[in-house]
Amino acid sequence: MTDMTLYLIIALTPLAGCLLAGLFGNTIGRRGAHTVTILGVAVSAVLSAYVLWGFIDGSRAKFDENVYTWLTMNGLDFSVGFLVDSLTALMMVVVTSVSLMVHIYTIGYMAGEKVGYQRFFSYISLFTFSMLMLIMSNNFIQLFFGWEAVGLVSYLLIGFYFQRDSAIFANLKAFLVNRVGDFGFVLGIGLVLAYFGGSLRYADVFAYLPNVVGSTLFGWDLITITCLLLFVGAMGKSAQFPLHVWLPDSMEGPTPISALIHAATMVTAGLFMVSRMSPMYELSTTALSVIMIIGAITALFMGFLGTIQNDIKRVVAYSTLSQLGYMTVALGVSAYSVAMFHVMTHAFFKALLFLAAGSVIIGMHHDQDMRNMGGLRKYMPITWLTMLLGNLALIGTPLFSGFYSKDSIIEAVHASNLPGSGFAYFAVLASVFVTAFYAFRQYFIVFHGKERWREAKHDHHDDHGHHHGLKPSDNPHESPWVVTLPLVLLAIPSVIIGYITIEPMLYGDFFKGVIYVNHELHPVMHIMKEEFHGAMGMVSHSLHTPVLYLAIGGVLAAWFLYVKAPQLPAKIAQAFRPVYVLFENKYYLDNLYFAVFAKGTRALGSFFWKAVDTAIIDNGLVNGAAKLVGAVAGQVRRVQTGFIYTYAAAMVSGVLVLIVVFFWQLWFR
């Protein structure tokens, strides 16, 4: 099998599953739909692992070829093409393996759905295909196609329960906020096309970069403007402040979607794009500083919001925002390999946390409010243990996967000398405590303490009037194997993958020739390589840094407040009421956007509708033209009398006019 055929099979098998489940879902039934989609993604995952292994053992070479030319215009090719190197292969394995776990898990989670089961499987397979097209692209046009396709499918998935107003609001919000980011992204691609050699293929653009250094546009450095505009796209997709507002609301989709969108796929697209563009970003220290500061703001301030959430999925959603901030900070300090390392480790433990939260929701009969949970440890042992492992990885417990990637990011920021790196270092350090606090606050509320549903005074009903939540006499039960198997399979890499892969990925040759860093200007990775003494060395080193103790402090604070003295949080919230209200209203950003942009555009739209559309176009041009014709016709109609002598007089007058004109021209020639 040629490389081209192999890559086509990897990309197209999820699409085939999507089309079969989507177009023939009623014919093949529920079992048929989940079988074809899981088979498609499984083939893709196995072959992706085979490709990655080829890069690890050195037997596979970089592949960069066009598959199909879509159109040629003025010497410019718009093509579909694949660029497969170690960065692509890593992302392919992460995307397809997490997607496969989500597909299997969905069978159990969506078992009770009367309608939409086949549609759901069709969507998640299409999502996987879109993401593969994005990461395998070798040019900006295909990157943009994958980028938009991922956005479209996320819109369909977030609004899966389209009967609910809240779901429709959430998917529209996600769509519109992503459009803002995509507008910047398109402008960035436009600048690349206009000034970077007239090609959209990565290799050509990177080769042309030396010719652009020093060029300006409107007095600004051209490369900086291009990098920042492309990053605006990444801010939308990867939910960076202030374009992060769509991600918590996207919890309206079913839980498997949360795992797919927020763990391995959509939100990592922006981070992947910046890593892929490393030769360009290395030429702009300004752009890197902006990226680092935005990431630091996101990491810290979104973590704060996670500390007051009561919906089990929203806690994990805010933790995703915070972790995406960490990855963005790493990109900003030129530690692209560290950012991609955290993308990989985070994908496993975050998918695990979302799916474990979904398992709890199943056990609680679809009640997501943590205030009605407690003491679930003895009823749901597998979910309890896997969620504990996921949380330990998230907070950076030594030897767990999150420890290696998170500590490496903090070390990288510490070693950086970029403007703003002091603030970024403070933000990522403070986030360690905040992360440990909200992660274990959730863990203690859900799995420890008293069984609060036994005394829950209120009934839960969904939009269809169905009863939600457990009755006081009910006992929760462990989820079926199709739900717990993916949990166990995701828990394994969440624990060990960091220990195994840190050395080759960060300090070996895994990303050699793929990610470019200007070590003279940005020596962060060199400094870290000198200080690195093996995976076990990092553990002993962590005993002498504040990071580990901040994490322990966060866990102890959560234990004290939610197990030892559960009456205290309410008193603290009362004492710091203004801060609590600020967090509860998510820094009032939603209100601001709604007041300024939503109402502002509505007012502007109303003005254009009344002044331009109605007054000028409708009444002026369209109806005005009709009235003018009517008025002229009304006058002309009076000439038509129906008497022969009127017409004879008109004919004679016409002949006289012609004679006068004829002699006039003859006379003055």
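User: Which helix does Leu-489 lie in?
Analyst: This is a predicted model, where local features need pLDDT of at least 70, side-chain atom pairs count only at pLDDT 80 or more, and totals for chains, interfaces and linings use all residues. Residues are numbered from 1 along each chain as its sequence is written, and side-chain values use heavy atoms, leaving out hydrogens and water. Helices are DSSP runs of H or I, at least four residues, numbered from the N terminus. Leu-489 sits in helix α19.

User: How far apart are the end C-alpha atoms of α19?
Analyst: Helix α19 covers residues 481-507, which is 27 residues. The expected span is 1.5 Å times one less than the number of residues, so it should be 39 Å, and the model agrees: the ends are apart by 39 Å.

User: Where is the kink in α19?
Analyst: The bend at a residue is the angle between axes fitted to the seven residues ending there and the seven starting there. In α19 a kink of about 50° comes shortly before the proline Pro-504, at Thr-501.

User: And where does α2 bend?
Analyst: Helix α2 (residues 25-56) spans only 39 Å between its end C-alpha atoms, while a straight helix of 32 residues would span 46 Å. There is a bend of about 80° in α2, at Arg-31.

User: Which element has the lowest mean pLDDT?
Analyst: pLDDT is the predictor's confidence in each residue, from 0 to 100, and the protein's mean is 86. Helix α8 (residues 222-237) has the highest element mean, 91. The lowest, 48, belongs to strand β5.

Terms used. Helices (H or I, at least four residues) and strands (E, at least two) are DSSP runs, numbered from the N terminus.
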